[in-house]
Amino acid sequence: MKALPIGRYTNYDTFLNRLDARFKLLAMILFMVVVFIHFGSRAMDFTFYGLLMVMVLVFMRIAHIRIRQLLRAIKPMWFMMIFLLIINVLVVQTGEAFYIGDFPIHYDALFNTLYTFVRLILMLAFSLILTATTKPMDLTYALEWYLHPLTFIKVPVHIIAMVISLALRFIPTLLEEADRFMKAQASRGVDFENGKLREKVRAIISLIIPLFVSAIQRSTDLADAMEVRGYDPNGKRTRYRIMHFAKRDVLSLFFLLAFFGGMLALSICGIDFYAFIL
Amino acid sequence: MKAIDVQHLWFSYHQEEEEKMILQDLSFSCEQGESIAFIGPNGSGKSTLMKLLVALLEADKGKIFLLDKELKEDTVDFLRQHIGIVFQNPDNQFIGATVRDDIAFGLENRCIPHEEMEDIILKYAKEVGMETFLDKEPASLSGGQKQRVAIAGVLSMHPKILLMDEATAMLDPKGRKEIMALTKKMRSENKDMTILTVTHHMEEALLSDRIIVIYQGKVYMEGTPDEVFSHAEELKAIGLDLPFEKKWKEELKKAGFPIENTMTDEEAIEILCH
């Protein structure tokens with residue numbers, strides 16, 4: 001079976017795996033916010049990114065994620081980055097510049113691209129770490145927990161959570177089935193790899209239609225199975241999975257908030273360490 | 001007390017004339033603790049009947065009594081607590097992310113307190129021999145294992161009536177054997193559980209107390225396995241075969257040996273040897 005783009009849960013028993021999913025979800029969101037913080041100077045910014053990168057590498061080490069996995073996740077972004085660089089060079093016309101022939105290239109343009117690039121890598125890395133150390137189901141529970149307040153304005157949070165968890169449950173089943181349909185169609189002479197765009201689209205349609213039909217069939221079966229086992233979306237249910245905040249979660253939360261708060265304070269005050277040193 | 005009493009049931013998916021309907025005036029009843037196998041060619045209405053019994057479909061005419069209560073809109077919720085069904089497709093009835101969660105699903109719906117769930121899950125996982133797979137995801141289980149989990153999920157709700165709607169049809173021979181062995185075990189351990197099996201495999205039908213042959217929406221034949229399988233010709237006429245252990249005796253009988261297919265293997269071999 002093919003791996004999902006971002007990363008799959010790896011079943012290691014590490015510190016990161018044991019952390020509560022709710023904490024990890026919060027941590028990832030905060031890290032993604034923190035990535036966009038600006039400090040007093042460019043040097044400070046990049047020192048901070050360096051610090052985050054070191055943290056990422058440490059987390060990856062703990063979670064048994066290989067650097068290669070991160071590189072593979074970044075790979076599809078090269079094209080976008082080059083495109084972004086060209087746009088930046090053409091649009092940004094401020095600050096100092098150097099010249100290639102008569103054409104000015106502004107340092108600001110290069111730095112803008114670099115910022116985006118580093119931020120994207122960091123965000124990808126954080127989501128990679130989250131998905132590799134947290135079961136999709138636990139993430140769903142965490143999401144449900146955070147969305148719980150919405151039940152007061154009549155949002156059916158538990159139904160949404162059930163839908164997400166069923167979707168997650170059926171991803172491997174449907175992938176396997178898509179694979180089987182692909183082989184079946186290939187054996188009938190459908191060519192998925194070569195040919196013009198139109199032929200390719202036609203080949204894909206021959207895959208998608210049976211997949212849809214089968215998915216609908218599955219969902220009716222599933223609805224029957226859930227109904228006879230007494231599922232009532234609007235009824236009262238007890239829960240098998242109950243999440244507990246452990247001591248490590250509280251401690252981690254403390255460190256996370258301290259880190260986040262510290263960085264925010266540094267950013268707001270605009271302190272530049274390098275200005276003191278130099 | 002009759003576990004199931006079905007009276008003059010008519011059903012069709014689309015509005016159709018009487019002679020084209022899926023079920024046509026079908027009646028049968030069964031005692032508590034009895035096990036019945038339904039056999040019949042494809043499209044004879046066996047699976048439809050099962051769906052009617054758990055109220056996933058509604059009959060056009062006729063009545064269904066479960067545990068002496070009529071199955072109606074206001075009794076559905078109550079009666080569903082006493083009836084469980086295992087469907088054909090192992091994947092499409094696996095709801096939880098892991099074996100544990102799947103067994104828990106029914107318990108959650110029943111509002112069983114969280115503290116009691118763990119013990120119940122373990123108990124029924126052991127019952128079906130899946131206790132070492134509790135944290136496995138469905139993708140890493142075989143069809144037979146998934147069906148065993150489905151059975152555990154149903155058993156954990158203590159049904160008085162258990163329906164197996166072609167539960168072995170999509171399994172390989174090994175998986176089918178597992179489920180047949182489990183069915184046998186369930187029958188011996190839960191004497192007052194009524195078990196209805198729909199099957200295409202005659203070997204499976206042999207395990208039950210009584211067989212009901214359904215053909216074109218009607219009861220075509222009814223009786224103990226020995227009685228039903230002694231009518232080899234009538235069964236053949238509607239496209240059904242004998243189970244292997246009946247078949248070889250039937251063939252020998254045709255060849256002129258004084259053998260009946262209701263004999264045990266030993267009796268038949270005894271006659272052959274003399």
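The structure holds five cavities of 30 Å³ or more. A cavity here is a set of points on a 1 Å grid over the protein atoms alone where a 1.4 Å probe fits but cannot get out, and its lining residues have an atom within 4 Å of a point. Grid points are joined across faces, edges and corners, and the volume is the space filled by probe spheres set on the points. Keep in mind that this is a predicted model: local features need pLDDT of at least 70, side-chain atom pairs count only at pLDDT 80 or more, and totals for chains, interfaces and linings use all residues. Residues are numbered from 1 along each chain as its sequence is written, chains are lettered from A and ligands numbered from 1 in the order in which they are written, and side-chain values use heavy atoms, leaving out hydrogens and water.

The largest cavity comes to about 80 Å³. Its lining includes Met164(B), Arg187(B) and Glu204(B).

The second largest cavity has about 60 Å³ of space.

Thr238(A) is buried, at 17% relative accessible area (buried means under 20%, with a 1.4 Å probe and protein chains only). Its side chain reaches the backbone oxygen of Ile112(B) at 2.7 Å.

Terms used:
On a 1 Å grid over the protein atoms alone, a cavity is a set of points where a 1.4 Å probe fits but cannot get out, and a pocket is an open set with protein on both sides within 12 Å along at least five of seven lines; lining residues have an atom within 4 Å of a point. Buried means under 20% relative accessible area, exposed over 50%, partly exposed in between (1.4 Å probe, protein chains only). A polar contact is a pair of N or O atoms within 3.5 Å; within protein, one must be able to donate a hydrogen and the other to accept it, and residues adjacent in sequence count only if both atoms are side-chain atoms.
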